[in-house]
Every structure is written in structure tokens, then in C-alpha cells.
Amino acid sequence: MFEEQLMEKVNICQEILRDSRNELYLNMRFLDVALNTFFFQPTMERGRTATDGAGYYFNPEYLIEQYKIGNQTINRCYLHSVLHCLFGHLWHPVEKEKETLWNLACDITVEHIMDHLYYRCLRSPSKPYRKLVYQNLLEKMPVINAEAVFHVLEQNPMDPRAQARLMLEFLVDDHDLWQRQEKAPNAPMEQQNQWKDIRDKMETELETFSKEAAEDSKSLVEQLKVENRERYDYRTFLKKFCVLKEEMQVDMDSFDYIFYNYGMEMYGNMPLIEPQETKEVKKIEDFVIVIDTSMSCKADLVQKFLEETYSILSQAESFYRRFRIHIIQCDERVQSDVVIEKLQQLREYMEHFEVKGMGGTDFRPAFEYVNRLLAEKAFQKLRGLIYFTDGYGTFPLKKPLYDVAFVFFKEDYLDVDVPPWAIKLILGEEELGKAV
């Protein structure tokens, strides 16, 4: 008898979830694939709902109680879990002792998105407490996203009661099935890539075919831009400034084919193996670092950037025996140019760094200055230019003869449109801090 009642409740819940999914789809067609990715799995082993990125696990008793409150509650509950997957919250690496803060940051983020999706199927009574939380966060970041909220919570420890109040307000589903890298190093990459692909396609659709829907879903569109922004690993990027050059050193990975053939012809089955006396190696020659010293630039961020750069350049065999780095400070005009030829000089410059300028932001003077140096043959081989900035400025119209990267420090992660010929790197303060 009990099993029959349970099966009846399970069937009712699955019908409720299908109806909810259809209602969400009819209002937000751009969520079609995301909404239909889950399979439904009833379970009595948990008190509410949960997802692992593939299935939607629910307690039938809990789901029926939520449905009695209203279909909007079910819609929000289902979409809450979908958004967690859509923005990759399940697979974000986080230390064990900080999981609670990360879970809270993710819940606040997806609830903020839904509170700003203006559809009747998601309508919920306005709560002053929520508005206050959102307002306080928006004073620290233009776009509420999980990473930014997490760092605010981490840097501003709360009273346990205040944290409990936040958790009570924003908690919707269980997160124990989330497959964080520390928890599950072999978390399915295929699943992560599937949701990333869904996210990429959704942003494209909202920017092209569903522009009208995007107007009613600005919070979601902003989140998509945040998650889909291009990111580069700074250490990997710096290697792009390496150049190939042949140096006189023994290459143990190759051998001289002349001696090899001679041995085979002379002795039959005894090749003579002679290592090559030259080896093609990758090392940094000449490049330029430009530091934006406008009013918006923070000296401590520049310091971290230089420390990270120094830690990379000081690695063994990073340079030719002769090298030259120009470190230029520029706001609306070039303020200084320090030429570094030894790592010790770079260390001293980093330790005694002083910001010069503090005016407006204009990228053109630095490029004009470097182009002049290039014409004067001040470089042996200029491989590229790295421009560290946290502001908006005027870009050159023409593509330079060398590679260019703009390294933006943006805690808010808002995209800056750089010219198509430039590479864009977006580094948060925590990323610089971890790399040093």
C-alpha cells in the first residue's frame, strides 16, 4: 500500500516538473536546451532537491508541499538548479573549509538573476531584505556573479547569525552532489563542456535572434557575458613572447645523421650517435611592459603585476644572455621609460616602484613612443607589448608590427572592447595573488 502511494506521488511530481519545464520554456525559449538537459530522479534520501549536472533529484513529499505554495515556487526551484549548472557552479574548485561561502555565493547569484527576470511564471513577492543584500553587493560590483560575491563574503567575515540569515533566505537546493575538483578530481569534463556549450549558444541567440527576450532578461545576459568572457593564463601568455633562436649547446634529444649513416655503412649494425652541437631553444628577447598610471590605477595592483612578471622571468633559462625590457609608465602621455637588462634591475625596480602620472587614460602615446623606438632600432627583436590597465582609454587605429596584449584588472569582470588585433587578458586581484 505504501509503495503504491509513493509511486503515485512520484508520478504526480514528474508531471509537475514537466509542466514547470514547459511553462519556463514558453516564457524563455532561449532556455530550451538547458531546461531539457536533466532527467528526473525521485529519492527519499534527501529532504529537498539537488542536481549533479545530469539529473534532477527530488523528494516527492517536499516537491508536493512546494507545489501547494504555488507553481511559481516549483518554477523557481527548478530554474535555480538549471542556472547553477549553466554557470558552472558545480565544478568550481574551492577549498573544503570555504565550501559554505561558495554555496551561499552561488545561491545569492542565481536568486538575483531570477528576481530580475520579469516573467509571471517566476514572480515572487518582493522582499526588502533581499533588496538590501543586492544593493550592498552592487555597491562593490557592477554585476553580481558567484566569484565576486564569494570574494566579498570571504573578505568580510560575518556574524554567524547574519550568515545563517543569508543562508535561510537564499537556500533552495542541496549542493552535496556538486563535483568540485578537490572533491572529485576526475569530474566529468564532458558534462562541464556540455553546459559550457549550452551557455555559449544561449548568449549568441540572445544577442541575435532573441534580442527582445534579452531586454527582459538583462540580469541573465550580464551573467552570460561574465561567464563567457575570454580568460588567459598569464604565465602561458608570456611564453607567446618567446622567439626561436639557435644556440651553441649540446642537444641530447637529437643526433647527427651523417655519423649515423657512416656507422651503418662501415660497421653494418653499429650506428654512430653524435649529439647535435646546436639546439633550437625558446627564450624571451625584447619586449615592452606598459603600465597605466591614470587616476584609476592602483599602485598595489601594479606591484602585484610586476611581482608576477618577475616570478616568470626569473625562472631558469628564461632569457638570452642579453635582453632588454622597457617598462613604460603612461597615462595620457609617457611619464617614464626604464630599461631593464638584468633580473636584479627588475627586482630593484619592483621594490622601489612609484606611480608617475595619475592623469587621464590614453593608450596611443605609449604605442607612438614604442614605434619611434622601433624605428630607431632600439630593439634587437621586439616580440610584443603588454599593457597593464584597469581603465578605459583610446586605442590606436592601426595594428602595430608586434603582438599586443591588454591586461585588464577588473573585479567586476565587465568586458572591454579591445581592437581585433589585440589579445585581452582579464585578471582578478585573487588571480594575481595566487600566482605570486
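**Entry 1: ground rules**

I number residues from 1 along each chain as its sequence is written, and my side-chain values use heavy atoms, with hydrogens and water left out. Since I am working with a predicted model, local features need pLDDT of at least 70 and side-chain atom pairs count only at pLDDT 80 or more, while totals for chains, interfaces and linings use all residues.

**Entry 2: the whole protein**

I started with the overall counts and found 17 helices and 10 strands. Helices (H or I, at least four residues) and strands (E, at least two) are DSSP runs, numbered from the N terminus. Next I looked up burial: 48% of the 436 residues are buried. Here buried means under 20% relative accessible area, exposed over 50%, and partly exposed in between, with a 1.4 Å probe and protein chains only. I then turned to contacts (heavy atoms within 4.5 Å). Of the contacts with a separation of 6 or more, 70% are between residues 24 or more positions apart.

Two packed helices are described by the angle between their axes and the distance between the axes. My axes are lines fitted to C-alpha atoms, for helices over the stretch in contact, and angles run from 0 to 180 degrees between N-to-C directions.

How do helix α5 (residues 99-115) and helix α7 (residues 146-155) cross? Their axes come within 8 Å and cross at roughly 130°. That makes α5 oblique to α7; angles under 35 degrees count as roughly parallel, over 145 as roughly antiparallel, 65 to 115 as roughly perpendicular and the rest as oblique. The crossing of α5 with α7 is right-handed. I call a crossing left-handed if the near helix is turned anticlockwise from the far one by less than a right angle, and right-handed if clockwise.

From α5, the contact uses L101, W102, L104, A105, C106, I108 and T109, and from α7 it uses A146, E147, V149, F150, L153 and E154. I sorted the residues of this contact into 10 nonpolar, one polar and two charged. For that sorting, Ala, Val, Leu, Ile, Met, Phe, Trp, Tyr, Cys and Pro count as nonpolar, Asp, Glu, Lys and Arg as charged, and the others, Gly among them, as polar.

**Entry 3: α5 against α8**

I stayed with α5 and moved on to helix α8 (residues 160-170), which packs against α5 at an angle of about 45°, with the axes 9 Å apart. The two helices are therefore oblique to each other, and their crossing is left-handed. On the α5 side I listed T100, L101, L104, D107, I108 and E111, which meet Q163, L166, M167 and F170 of α8. This contact divides into six nonpolar, two polar and two charged residues.

**Entry 4: α5 against α6**

The axes of α5 and α6 come within 11 Å and cross at roughly 110°, so I noted the pair as roughly perpendicular. Here I108, E111, H112 and D115 of α5 meet R130, Y134 and L137 of α6. I count three nonpolar, one polar and three charged residues in this contact.

**Entry 5: salt bridges**

Side chains of opposite charge can pair when their charged atoms come close. I took a salt bridge as a side-chain nitrogen of Lys or Arg within 4 Å of a carboxyl oxygen of Asp or Glu, and the structure holds 19 of them.

Which residue does R130 pair with? Its partner is D115, the closest N and O atoms being 3.0 Å apart. R130 lies in helix α6 (residues 128-138) and D115 in helix α5, so the pair ties together parts that are 15 residues apart in sequence. R130 is buried at 9% relative accessible area, while D115 is partly exposed at 24%. Salt bridges with shared partners join R76, E111, D115, K127, R130 and E169 into one network.

E99 pairs with K96, with 4.0 Å between the closest N and O atoms. I found E99 buried at 13% relative accessibility and K96 exposed at 61%.

E15 pairs with R18, and their closest N and O atoms are 3.0 Å apart. Both sit in helix α1 (residues 2-27), three residues apart, about one turn of the helix. E15 is partly exposed at 39%, and R18 is partly exposed at 34%.

**Entry 6: L425**

Last, I checked L425 in strand β10 (residues 423-427). L425 is buried, with a relative accessible area of 0%. Its C-alpha atom is 9.3 Å from that of F388, 37 residues apart along the chain.
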